[in-house]
Amino acid sequence: MEITVSGTGRSSLRPERATMHLTAGFESGDKAEAMSEATRVVNELSADLRRLKELDPSPTTWSAVLPIGTRSWRPWTDSGKLVPMRHSAQSRIMVKFRDFPTLAGFADHWGGRPGITLGHIEWTLTEARQKETERSVLAQAVEVARERAQVLATAAGAGEVRCLEVSDPGMLGHRTEGEPMMLAASRSAYAKDAGGGGEGIEIAPEDVDIEATVHARFTAD
């Protein structure tokens, strides 16, 4: 007899890296003013990033400051009347931290500055740990598939199962629907103001979930 099953392996690990996404920019009725203010705050933030990078050891591993972009538009009032032109200038910034207390201090310092908007934080593993965990989870998925096949074979009165095929979902003989073989869910969270009184920014690391699914076919006598 032949038995076709799927198997899934999962692992949740504490994050080792955190990438903060933020924007720096200003809006004004004067385009030159918006650009000038945006340039000023981006330069100040860039200087702080260089300071962090030069620490030994550095609490950051990577950062990027994208070029300042501008846009202009003419708003409408609620009564349908056009008002004077508005202009904005802003840059997107990404900073990857290995030191989470420093991340919290960075968010607390810059989150209250005019022109700075904190976005989400992406929690991830190091590349080496990511690969190691993916291999372990994939092997776990194959073992789960084998165990499921053996349970079915035993219930049907057959003996030990032998693997005939194992594949990514959708690649086993005929087309079957399934999840992607490997899903590394680097969770994201938003930095939130802890609320008044100088309490700072509340940042709680979230586990990184890694999941793998395989389809397998076994035979048993």
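A search of the whole structure turns up 12 salt bridges, where a salt bridge is a side-chain nitrogen of Lys or Arg within 4 Å of a carboxyl oxygen of Asp or Glu. Before I walk you through some of them, please keep in mind that this is a predicted model, in which local features need pLDDT of at least 70, side-chain atom pairs count only at pLDDT 80 or more, and totals for chains, interfaces and linings use all residues. Residues are numbered from 1 along each chain as its sequence is written, and side-chain values use heavy atoms, with hydrogens and water left out.

Let's start with Arg86, which forms a salt bridge with Glu27, their closest N and O atoms being 3.2 Å apart. This pair links distant parts of the chain, since Arg86 sits in strand 5 and Glu27 in strand 2, 59 residues apart. Helices here are DSSP runs of H or I with at least four residues, strands are runs of E with at least two, and both are numbered from the N terminus.

Now over to helix 3. Glu127 forms a salt bridge with Lys131, with 3.3 Å between the closest N and O atoms, and the two lie four residues apart in that helix, about one turn. Glu127 counts as exposed at 60% relative accessibility, whereas Lys131 is partly exposed at 44%. Further along, the side chains of Glu143 and Arg146 meet in a salt bridge, 3.1 Å from N to O. They are separated by about one helical turn, because they are three residues apart in helix 3. Glu143 is partly exposed at 34%, and so is Arg146, at 30%. Elsewhere, salt bridges that share partners join Glu37, Arg40, Glu44 and Arg113 into one network.

On to the inside. Which residues of helix 2 are buried? They are Phe100, Leu103, Phe106, Ala107 and Trp110. These five cover an arc of only 105° around the axis, which puts them on the same side of helix 2; the arc is that of the directions from the helix axis to the C-beta atoms.

Phe106 comes up again in the largest nonpolar core: of its 39 residues, Met20, Leu22, Leu45, Phe106 and Ile116 touch the most other members. A nonpolar core, by the way, is a set of buried Ala, Val, Leu, Ile, Met, Phe, Trp, Tyr and Cys residues joined through side-chain atoms within 4.5 Å. Strand 12 gives the most to this core, with six residues.

Finally, the whole chain. The secondary structure comes to three helices and 12 strands, and buried residues make up 37% of the 221 residues. Among contacts between residues at least 6 apart in sequence, 78% join residues at least 24 apart.

Notes:
Buried means under 20% relative accessible area, exposed over 50%, partly exposed in between (1.4 Å probe, protein chains only). Contact means heavy atoms within 4.5 Å.
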